[in-house]
Amino acid sequence: MDLSILAFLGQDGLTTGAIYALVALALVLVFSVTRTILVFQGDFVTYSALTLAMLQTGLLPGTLWLLLGLSLLACALDSALALRHGHYRRLPGLALRYLGLPVVLWLLLGSLDLRALPGLLQIVVTLALVTPLGPLLYRLVYQRVAQTSVLSLLIISVAVHIALVGISLSLFGAEGVRTHSLADATFMLGDLPVSLQSLLVIACALALIGLLYAFFGHSLYGKALRATALNRDGAQLVGIPTQLAGRSAFALAAFIGAVSGVLIGPLTTLYYDSGFLISLKGFVAAIFGGLASYPIAAASAFFVGVLESFANFGASAFKEVIVFTLVIPVLLWLSLKHPHLEDH
């Protein structure tokens with residue numbers, strides 16, 4: 001293996017690792033706030049890439065119908081609760097809150113030439129379609145069972161993932177897609193060709209990591225989420241609405257997944273069921289940080305990406321085995337470090 005191949009594999013691994021870093025951060029975020037292992041985080045990634053691909057071909061994305069359906073269900077659920085308690089004045093606000101964005105997107109997308117939309121606007125529409133799926137899923141699936149055990153929440157997450165994969169097959173079909181490149185330029189760094197697309201992916205990932213660090217470390221809302229993560233009951237006692245914290249965590253996770261889908265779409269062919277492997281790679285990185293440390297999870301994700309790249313070159317048939325085997329020593333070390341850890 002010469003230096004040029006080594007550098008190329010390193011570049012490819014860092015680019016892939018940037019996506020895994022975003023997935024790992026979303027997993028740590030949601031687990032910290034809600035104790036939920038977000039098995040379907042990768043599905044946000046694939047939904048985003050497939051949605052953008054449909055917009056680029058001029059087709060109305062099926063994500064719109066999923067968003068409308070979930071919004072109607074959530075609106076009906078909260079409206080029924082409001083009627084039961086006699087809060088009739090809340091009904092218009094609930095309708096606007098849940099149905100405002102989906103209806104506006106439906107009217108706009110139905111009247112525009114989607115293929116002629118500028119690329120940046122197509123990306124904004126993709127983010128607007130995918131991001132609300134997070135808080136809607138939390139409201140419909142997780143809010144009523146927020147206090148149950150971690151194992152039960154994991155089983156629920158697996159069920160939601162299976163449902164999302166089936167819905168994805170119905171909405172997008174079985175064909176794999178790639179989205180248009182965000183940047184086609186390539187420049188030389190010595191003898192190594194460097195893709196501007198790869199640099200853009202890494203830069204966006206690092207920017208999002210920096211924004212999350214600033215959000216949780218220096219904003220009042222971020223500190224409220226951290227308080228909920230540290231002590232849910234204590235946060236409730238001081239007036240922090242933990243249900244809002246859960247919805248916010250899922251919204252951030254869906255947004256991170258949507259951005260990841262936009263970034264990874266031009267780099268690899270994605271199918272309706274590609275999200276599970278993406279989630280697993282991010283989960284491996286998140287495990288390195290004990291599902292608690294953002295910096296360790298992000299750094300581990302880049303390591304996983306580089307390791308996968310080199311494994312794909314040297315032993316492609318075993319690349320998944322090599323990556324997932326990393327979890328075993330880490331879990332053993334964590335079990336020895338926290339031998340009396342129990343689920344409450």
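When I say buried today, I mean under 20% relative accessible area. With that cut-off in hand, start with helix α11, residues 242–264: 18 of its 23 residues are buried, so this is a helix that is mostly covered. Keep in mind as we go that this is a predicted model.

From first C-alpha to last it reaches 33 Å, close to the 33 Å you'd expect at 1.5 Å a residue.

Okay, let's step back to the whole chain. The protein has 15 helices and two strands. Along the principal axes, the C-alpha trace spans about 75 × 60 × 35 Å. What about the radius of gyration? A compact globule of 344 residues would have a value near 20 Å, and the protein comes in at 21 Å, which agrees. As for burial, 47% of the 344 residues count as buried. And if you take contacts with a separation of 6 or more, 78% of them come from residues 24 or more positions apart.

Now the inside. The largest nonpolar core has 91 residues. Which helix gives the largest share of this core? That's α1, with 14 residues. The residues with the most contacts inside the core are L38, F40 and F44. Take L38: leaving out residues up to four places away in sequence, L38 touches L27, V30, F44, F250 and A253.

F40 and F44 turn up again when you look at the rings. Searching the whole structure gives five aromatic pairs. F40 with F44 is an edge-to-face one, 5.7 Å centre to centre, with 75° between the planes. Both of those phenylalanines are buried. Ring pairs also join F40 and F44 with Y138, Y142 and F250 into a cluster. F250, remember, was one of the residues touching L38.

There's another edge-to-face pair to look at, Y47 and F172, at 5.6 Å centre to centre and 85° between the planes. This one links distant parts of the chain: Y47 sits in helix α2, residues 41–56, and F172 in helix α7, residues 150–172, so to speak 125 residues apart. Are these two buried or exposed? Y47 has 2% relative accessibility, so Y47 counts as buried. F172 is at 15%, so F172 counts as buried too.

T63 is at 0% relative accessibility, so it counts as buried. Who surrounds this threonine? Not counting residues up to four places away in sequence, T63 touches Y47, T51, L129, V130, L133, L171 and F172. So both members of that Y47 and F172 pair are in contact with T63.

On to charges. How many salt bridges are there? The count comes to two. One is D78 with R139, where the closest N and O atoms are 2.6 Å apart. D78 lies in helix α3, residues 63–84, and R139 in helix α6, residues 133–142, so this pair ties together parts that are 61 residues apart in sequence. Why do I call both partners buried? Because D78 has 9% relative accessibility, and because R139 has a relative accessible area of 5%.

E308 and K281 make a salt bridge as well, again 2.6 Å from N to O. E308 is in helix α13 and K281 in helix α12, 27 residues apart, and the pair links distant parts of the chain. E308 is buried, and K281 is buried as well.

That takes us to α13 itself, residues 294–314. At 1.5 Å a residue, its 21 residues should span 30 Å, and the end C-alpha atoms are 30 Å apart, which agrees. Which of its residues are buried? The list is A297, A298, S300, A301, F302, V304, G305, E308, S309 and A311. Why look at the spacing in a list like that? An α-helix has 3.6 residues a turn, so residues three or four places apart point the same way. Now run down the helix with that in mind: A297, A301, V304, E308 and A311 are among the buried ones. What covers the buried residues of α13? The cover includes α1 (3–34), α8 (196–218), α12 (275–288) and α14 (319–325). So α12, which carries K281, is part of that cover.

That's what I had.

How values were computed
Residues numbered from 1 in each chain as written. Predicted model: local features only at pLDDT ≥ 70, side-chain atom pairs only at ≥ 80, totals over all residues. Heavy atoms only, no water. Helix = DSSP H or I, 4+ residues; strand = E, 2+ residues; numbered from the N terminus. Expected span 1.5 Å × (residues − 1). Buried < 20%, exposed > 50% of the residue type's maximum accessible area, 1.4 Å probe, protein only. Contact = heavy atoms within 4.5 Å. Core = buried A, V, L, I, M, F, W, Y, C linked by side-chain atoms within 4.5 Å. Salt bridge = Lys/Arg side-chain N within 4 Å of Asp/Glu carboxyl O. Phe/Tyr/Trp six-rings, centres within 6.5 Å; stacked < 30°, edge-to-face > 60°. Rg over C-alpha atoms; globule rule 2.2 N^0.38 Å.
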